[in-house]
Amino acid sequence: MARYFTDEHEWIDLEGDTATVGITDYAQGQLGDIVFVELPEVGSMVEKGKDAAVVESVKAASDVYAPLSGEVVEVNDSLDDDPALVNSSPEEDGWFFKMTVSDKSELEGLMDDKAYKSFCDGL
Amino acid sequence: MSEENETFEDEIHTLPLDAWHRGKGARMVPFAGYEMPIQYDGIVAEHNWTRDQAGLFDVSHMGQLMVTGEKAAEELEKLLPGAIASLKPGRTRYSLLVAEDGGILDDLMVTNATPWIEGDEEEGTEGRWGEPAYYLVVNGAMKWDDIAHLREHLDDDVTLTHMDEHALIALQGPNAATALNRVMRNVIDDMVFMDSLVHDFGEWPLRITRSGYTGEDGFEISVPAEFAESLCDRLCAEIEVRPIGLGARDSLRLEAGLPLYGHDITEKTDPVSADLLFALTKKRREEGGWMGHEAVAKVLADGPAQKRVGLEIEGRLPAREGALVYSGDKQVGRVTSGGFSPTLERPIAMAYIDTALAQEGTELEVEVRNKRLSAKVARMPFVPHRYHRGK
């Protein structure tokens, strides 16, 4: 399994043709206390760089963009009851949704763990 | 407008406690023209700490003004709809600056800061009140406009001083008095809500007012900028006190039902629609003699088209400023500020709603991202005030 990162602070775990998507620890730290996560509907198509989810913190609403194009096949229902999972376990239990990857060439240009870390250090 | 001009217009200034905040791990953001701490540990933790213990807030961006002169009270009464002449020395009152058309130019706190001058037995003089002085605290983003407005309309015999060499620190929460009393040896023991005094703490000349913007008991302390860091260090050394950012300040004041200028009240809203009639002394409401009286009296007589109310929203999705409010298919209002209440663990909001639908308990809907959320008109404050009113 390979983990990729975007410059919008999302992570993507790729297993075969399915990607699990979430936001990074850096992102949750910037957003602060998360009180609500609006997830896409299962079966909906998302497009790379377009809105896919909304994260509501105490202070503000923030869009989460789809890191790749494809179909949403599963969403993390536990975020309904416990949106703070995104704060406590952003890169594991706090995942957002799973999607098919329609065009693997979209993975080009994404960062690996090391590249993402130095990207954050530079912010 | 050229880019250079914009940069100039948007220039961000730093406040006396800038380095202090950064040293405490604050995340700084531009606010009201200044770099301000939005949060330290996290908004919810800071919010809850303030409700349980005591939070220290740097509100030095706010405008601190002193209006002095024999005619200061009557001159201020031409611009403020509240009773200033009857405000006793050492007492504070919430008030408004109102435009000719009834719109709210700013909201503010006014304190009768007239000094008591001790008598001298050897010289055979008795104690007496000095020159009348009124201490005003106005919103940071509005202070330059307020100063211009006051200078334009106050008589030349009245002096307006901008105390821009002063920082302003708020200490808020149920344990604020305990902490402050311990540090300052019971100096605030006899103070009740809206009392104000001057106190020399060593070489630091302070003005302490028992007031705030969180709904909790608490104090606002005006301190010369050079002593601000030492004062904050001294207060934060107390086990009850932690620094709190602007994020929690906003969620606390929303729960307390206190309007935020530029959002819940603006130059386009009047004091009647804004439900701030308590700031208009009854007698002055009738007699007038203040800017905007005619326009405000007309709204009072006709009844306002809309009113500022609280909304409790079902579910967990917050409705924010700008969200439209519906009764069936009809748009009947708009949210002016809203968010998630850490104390109530539910979304709450303030909104302007058509007066006919503004009664407590009215069932409405708020639209957020094409979804309709159930909402109910609720009594404010959402979280009860715990001011120290004495016996």
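**View 1. Domain 1 meets domain 2 within chain B.** In this predicted model, 14 residues of domain 1 of chain B are in contact with 13 residues of domain 2 of chain B. Together the two domains bury about 1000 Å², with 51% of that on carbon and sulfur atoms.

**View 2. A salt bridge between the two domains.** Let's zoom in on the charged side chains. The count between domain 1 and domain 2 of chain B is one salt bridge. Arg91(B) and Asp195(B) form a salt bridge through their side chains, at 2.8 Å from N to O. On the domain 1 side, β11 (166-172) and β13 (204-209) of chain B each supply at least two residues, and β11(B) gives the largest share, three residues. By class, that side has seven nonpolar, five polar and two charged residues.

**View 3. Chain B meets chain A.** Now we move to the contact between chains, which takes 18 residues from chain B and 16 residues from chain A. The two chains bury about 1400 Å² between them, 49% of it on carbon and sulfur atoms. In chain B, Arg316(B), Arg320(B) and Arg369(B) lose the most area to chain A, together 41% of what that side buries.

**View 4. Salt bridges between the chains.** Five salt bridges are counted between chain B and chain A. Here you can see the side chains of Lys59(A) and Asp250(B) meeting in a salt bridge, at 3.6 Å from N to O.

How values were computed
Residues are numbered from 1 along each chain as its sequence is written. Chains are lettered from A and ligands numbered from 1 in the order in which they are written. This is a predicted model: local features need pLDDT of at least 70, side-chain atom pairs count only at pLDDT 80 or more; totals for chains, interfaces and linings use all residues. Side-chain values use heavy atoms; hydrogens and water are left out. Contact means heavy atoms within 4.5 Å. Buried area is the accessible area (1.4 Å probe) that two parts lose on being put together, summed over both. A salt bridge is a side-chain nitrogen of Lys or Arg within 4 Å of a carboxyl oxygen of Asp or Glu. Helices (H or I, at least four residues) and strands (E, at least two) are DSSP runs, numbered from the N terminus. Ala, Val, Leu, Ile, Met, Phe, Trp, Tyr, Cys and Pro count as nonpolar, Asp, Glu, Lys and Arg as charged, and the others, Gly among them, as polar.
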